[in-house]
Amino acid sequence: GGRLVRRAGHLPVIARHNGRVTAEPSPSDEDVANARQGEFAPLAIGPLSVWPPVVLAPMAGVTNAPFRQLCRRFGAGLYVSEMVTARALVEGNERSRRLAGFAPGESPRSLQLYGTDPHAIAAAVELAVGPGRVDHIDLNFGCPAKKITRHGGGAAIPVKRRLLAAIVGAAVRAAGPVPVTIKFRKGIDDTHTTYLDAGRIGRDEGAAAVALHARTAEDHYGPPADWSAIARLKDAVTEIPVLGNGDVWEAPDALRMLRSTGCDGVVVGRGCLGRPWLFGDLASLFDGADPAPPPTVGEMVPVMLDHVTALVDWLGPVVGVRDFRKHTAWYVKGYPVGAEMRRQLAQITSIDQLARLLHSIDPSIPLPDDARRMPRGHTSGPRPVSLPDGWLDQPDVMPPVRPDAEALVSGG
């Protein structure tokens, strides 16, 4: 399972970008102080107690059962499934049923749902919380994709306060004792922020916790996350836990976020792509220990082979290997293995071929210090947000249900 002890290297300091408090790499090697005993509490999400207070963000095509199990091997936390649309789950769409599948023994089982129709959300939640099913439901209101927001879905929903309240309330009532959490962005853009209202609505409708991706929909994934918004949300919503999301690339970033914002837990997204050991580093730091240095290529190879083997077991040999191709780019990002090796890894057709390629790389190659914080996954943005005509004009008017707003895309 887990990994070694780790030294913190170039670590984030709190910096300001146009008034935003953000995480930036520190030019010094001064370590972020490890967590002191009792400094942070376990994250309480309804009856669930999560330690360390770390949540894996749902990522489309990534956070399936094999990846969740791999991350859990390194460190504990709450590992949320890929996003599933409520309507597809209710209508029996096979892919959505597969996405909602959990590995044997996976606990707690955490499912993220997305939808724009309170009735469909309630029906999906009732399906999901049946005996022996899920232990936690997360609702997604953060997707910035144009094909979603232009129909009033995803990150556009919190603009319509009554719609947001109706969806959250329907889910909470249908879930019974199973806790429901919600995740959202700062707003549409810096002129149209919705996160404080969204947090209060979540609290008032019975959500067990709220999570803020500290970017606007217009930001997409490009500009630095605005950690000061997480602090403002924590000031506004004190009765339930507030989680922060954005720019946790290394374990010390999580301590920086909690200390600088007062939030109760951290949501990790792109930072763990090709870095499942990040959860081990987080567990070490929160328990007061030093994390280990980034793995050499030789230390990383067994993790990659375990990952692809689990994907093949889960998805079959053809789809599993094809699915792993994108992960190869994330794993070797920053390691000086050469463009030709990256190209070949992106075209693998079997586990044996992958193993031969990986074992041909010098196993002693370390990750250069300046590559530790290289972004992985989405990096686009800012870009204009497409909304239905007049969407911003009447925030307290209940909009009609739009089926086109329910396509399955990234969680945001």
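Two strands are said to pair if DSSP finds at least two bridges between them, a strand being a DSSP run (E) of at least two residues and a helix a run (H or I) of at least four, both numbered from the N terminus. In this predicted model, local features need pLDDT of at least 70 and side-chain atom pairs count only at pLDDT 80 or more, while totals for chains, interfaces and linings use all residues. Residues are numbered from 1 along each chain as its sequence is written, and side-chain values use heavy atoms, with hydrogens and water left out.

With pairing defined in this way, 8 strands form a closed barrel in the order β5-β6-β7-β8-β9-β12-β13-β14, with parallel pairing. The twist from one strand to the next averages 25 degrees.

Helix α1 (residues 65-74) is largely enclosed by the rest of the structure, because 7 of its 10 residues are buried, that is, under 20% relative accessible area with a 1.4 Å probe, protein chains only. Among these buried residues are F67, L70 and F74.

Helix α4 (residues 118-128) lies across β7 and β8, whereas α6 (residues 161-175) lies across β8 and β9. The two helices pack at an angle of about 25 degrees with their axes 8 Å apart, the axes being lines fitted to C-alpha atoms over the stretch in contact and angles running from 0 to 180 degrees between N-to-C directions. They are therefore roughly parallel to each other, a term for angles under 35 degrees.

Note on methods. Buried means under 20% relative accessible area, exposed over 50%, partly exposed in between (1.4 Å probe, protein chains only). Contact means heavy atoms within 4.5 Å. Angles under 35 degrees count as roughly parallel, over 145 as roughly antiparallel, 65 to 115 as roughly perpendicular and the rest as oblique.
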